[in-house]
Amino acid sequence: MSAAAPIVVRPERSGDEMDVRRVLDAAFAGPEEGELVERLRVHGDLVLSLVALDGEKVAGYVAWPRLWIETPRDEYKAVALAPLAVAPSRQRDGIGSALVREGLAQLRAFGESIVFVLGDPAYYRRFGFSAEAASGYGSTYSGAHFMALTLNASPPPHGRVRYPAAFDAG
Ligand SMILES: CC(C)(COP(=O)(O)OP(=O)(O)OC[C@H]1O[C@@H](n2cnc3c(N)ncnc32)[C@H](O)[C@@H]1OP(=O)(O)O)[C@@H](O)C(=O)NCCC(=O)NCCS
């Protein structure tokens with residue numbers, strides 16, 4: 001983390017949308033993730049979204065959409081971590097980690113029990129995510145890059161992970 005510019009993480013607010021979109025488009029070199037976030041906002045599918053500030057400037061963003069675990073008898077709440085993005089000029093300075101750690105702390109405080117992520121295990125394992133924790137949950141994303149982290153002692157029973165429709169519409 002840079003000593004010169006302490007990283008402040010706060011909830012996304014109305015008015016942040018264009019700055020968030022700029023970070024997403026730059027980090028992913030295209031519009032798909034920014035469009036996904038706009039659909040998630042419109043559909044009300046975000047449990048939490050955080051921005052990281054470098055001074056007044058938005059330098060990072062993470063969204064935590066609602067997921068559902070479907071079993072034959074019921075469905076249970078879960079959360080996704082997606083997307084996570086840091087402005088290219090500010091990557092590898094701890095901003096992504098600060099966003100993930102703050103989001104996980106807030107979700108734990110909300111009483112959420114499990115978070116799923118599709119990403120590079122080399123990055124996400126530092127926060128405790130593992131493919132083993134996700135392995136009992138069915139998903140079209142299943143595999144080494146599909147990971148989960150339980151936040152309390154009562155994760156949902158195994159079942160199928162349902163993503164919001166916003167993920168299909170890209
Ligand atoms: C991935 C991303 C969010 C990481 O944020 P960041 O602020 O650069 O990362 P941090 O500074 O918190 O962490 C840096 C560490 O992560 C590692 N790292 C960064 N990006 C990585 C990646 N894509 N895969 C694996 N490791 C990665 C660095 O090597 C560094 O490791 P070290 O701590 O062992 O030195 C950022 O690089 C980014 O926006 N990338 C483009 C968009 C993207 O790929 N998002 C993730 C989608 S799953």
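The model is predicted: local features need pLDDT of at least 70, side-chain atom pairs count only at pLDDT 80 or more, and totals for chains, interfaces and linings use all residues. Residues are numbered from 1 along each chain as its sequence is written.

**Overall fold**
- The protein chain has 5 helices and 8 strands, where helices (H or I, at least four residues) and strands (E, at least two) are DSSP runs numbered from the N terminus.
- Their order along the sequence is β-α-α-β-β-β-β-α-β-α-α-β-β.
- Along the principal axes, the C-alpha atoms fill a box of roughly 50 × 30 × 30 Å.

**Burial**
- Of the 170 residues, 35% are buried (20 or more other C-beta atoms within 10 Å of the residue's own, with C-beta atoms placed from the backbone).

**Helix 2**
- Helix 2 covers residues 32–43 and spans 17 Å from its first C-alpha to its last, close to the 16 Å expected at 1.5 Å a residue (1.5 Å times one less than its number of residues).
- Its buried residues are Glu33, Gly34, Leu36, Val37 and Leu40.
- These buried residues line one face of helix 2, because they fall within an arc of 155° seen down its axis (the arc of the directions from the helix axis to the C-beta atoms).
- They pack against helix 1 (17–28), strand 2 (46–54), strand 3 (57–70) and strand 5 (84–86).
- Just after helix 2, glycine 44 adopts a positive phi of about 70°.

Notes:
Buried ≥ 20, exposed ≤ 12 C-beta atoms within 10 Å, placed from the backbone. Contact = placed C-beta atoms within 7 Å.
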